[in-house]
Amino acid sequence: MNRNLPTLTPEIAEAFQPAVLEVIRNSIAPTANDQEFLLFAHKAASYGLDPFKNEIFFIKYGNQARIQFAAEAYLSKAREQEGFIPPDTQMVHENDEFKIAMNKETKQMEVIQHEIGFPRGKIIGAYSVAYREGYPPVTVIMDIEEVSHMFTGQNKDNWNKWTSDMFGKHVQQRALKKQYGLSFEDVTISQNDVPPRSR
């Protein structure tokens, strides 16, 4: 064991070779202290997520560390489930013809019409339909106002630069969460906190 790695949990030892852990520590979580790195590696290992595929992130802002689950984590876990069908995620622009309505049989909101022409205008919303064989589709529709805080938050540069990608991943994550019963909790650690022990 080298000096860079603290004592590992059994889950971490099973999921990652020491050499791989060293790369994760030095390239993906270089600013993490031992406790933060252990928690990050443990979350990745116990959920079976790959930090190299951007399924889980370690982010440090000043004395706060954040372990964040990416939209890719939801897609990766949904793919492993029986009956997986790729979701359909779209941006709605101000000049699109767009209508949604309640399906009386399924009691679910559904996209009835989405036609585009150019110029499309600004993005005003997004939706994602998560399909699964043998289950009714789950549609999540969001107005851009619902994510307005993202454009001024800690990840604002990405949201402002790649609005379509970021908004699309956000709405898709919600749809996959509902359709496949997925749940990952992002973790924020303040310097004076001791991270809670994982079950």
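This is a predicted model: local features need pLDDT of at least 70, side-chain atom pairs count only at pLDDT 80 or more; totals for chains, interfaces and linings use all residues.
I started with Asp96 and Arg120, whose side chains meet in a salt bridge at 2.7 Å, N to O.

Are Asp96 and Arg120 buried or exposed? Asp96 counts as buried, because its relative accessibility is 10% and the cut-off is under 20%. Arg120 has 18%, so Arg120 counts as buried too.

**Entry: the other salt bridges I looked up**

I searched the whole structure and found six salt bridges. I went through two further pairs.

Asp34 and Arg25 meet through their side chains at 3.1 Å, N to O. Arg25 is buried, with a relative accessible area of 10%. Asp34 is partly exposed at 42%.

Glu80 and Lys77 form a salt bridge at 3.2 Å, N to O. Lys77 is buried, with a relative accessible area of 13%. Glu80 is exposed, because its 56% is over the 50% cut-off.

I kept the general point in mind: side chains of opposite charge can pair when their charged atoms come close.

I then looked at charge over the whole protein. There are 22 positive and 26 negative charges. Their mean positions are 3 Å apart.

**Entry: the fold as a whole**

How many helices and strands does the protein have? I counted six helices and eight strands. From the N terminus, I wrote the order as α-α-α-β-β-α-β-β-β-β-β-α-α-β.

I fitted a box to the C-alpha atoms along the principal axes. The box is roughly 60 × 40 × 25 Å. The protein has 199 residues, and 39% of them count as buried. I put the accessible surface at about 11,900 Å². Carbon and sulfur atoms hold 49% of that surface.

**Entry: a cis peptide bond**

Which peptide bond is cis? I found the one from Phe118 to Pro119, with omega near 0°. Pro119 is in the loop between strand E5 (108-115) and strand E6 (123-132).

**Entry: positive phi values**

I looked up two residues other than glycine with positive phi. Asn54 has phi near 60°. Asn54 lies in the loop between helix H3 (34-47) and strand E1 (56-61). Asn54 is partly exposed, with a relative accessible area of 40%.

Lys107 also has phi near 60°. Lys107 is in the loop between strand E4 (97-103) and E5. Is Lys107 buried or exposed? I have Lys107 as exposed, because its relative accessible area of 60% is over 50%.

**Entry: a nonpolar surface patch**

Which residues form a nonpolar patch on the surface? I noted Val20, Val23 and Phe52. Together they have about 230 Å² of accessible area.

Val23 lies in helix H2 (residues 18-28). Val23 is partly exposed, with a relative accessible area of 42%. A patch residue needs over 30%, so Val23 passes that cut-off.

**Entry: Ser183**

Where is Ser183? I placed Ser183 in the loop between helix H6 (163-180) and strand E8 (187-190). Ser183 has a relative accessible area of 44%. That value falls between the 20% and 50% cut-offs, so Ser183 is partly exposed.

What does Ser183 touch, leaving out residues up to four places away in sequence? I found Tyr47 and Tyr74.

I also took one C-alpha separation from Ser183. Ile112 is 71 residues from Ser183 along the chain. Their C-alpha atoms are separated by 29 Å.

Key
Residues are numbered from 1 along each chain as its sequence is written. Side-chain values use heavy atoms; hydrogens and water are left out. Patches are made of residues with over 30% relative accessible area and no salt bridge: like charges are joined within 9 Å, nonpolar side chains (Val, Leu, Ile, Met, Phe, Trp, Tyr) within 5 Å. Accessible areas come from the Shrake-Rupley method with a 1.4 Å probe; for residues, only the protein chains shown count as cover. A salt bridge is a side-chain nitrogen of Lys or Arg within 4 Å of a carboxyl oxygen of Asp or Glu. Helices (H or I, at least four residues) and strands (E, at least two) are DSSP runs, numbered from the N terminus. Buried means under 20% relative accessible area, exposed over 50%, partly exposed in between (1.4 Å probe, protein chains only). Lys and Arg count as positive and Asp and Glu as negative; His and the chain ends are not counted. The place of a charge is taken as NZ of Lys, CZ of Arg, CG of Asp or CD of Glu. Contact means heavy atoms within 4.5 Å.
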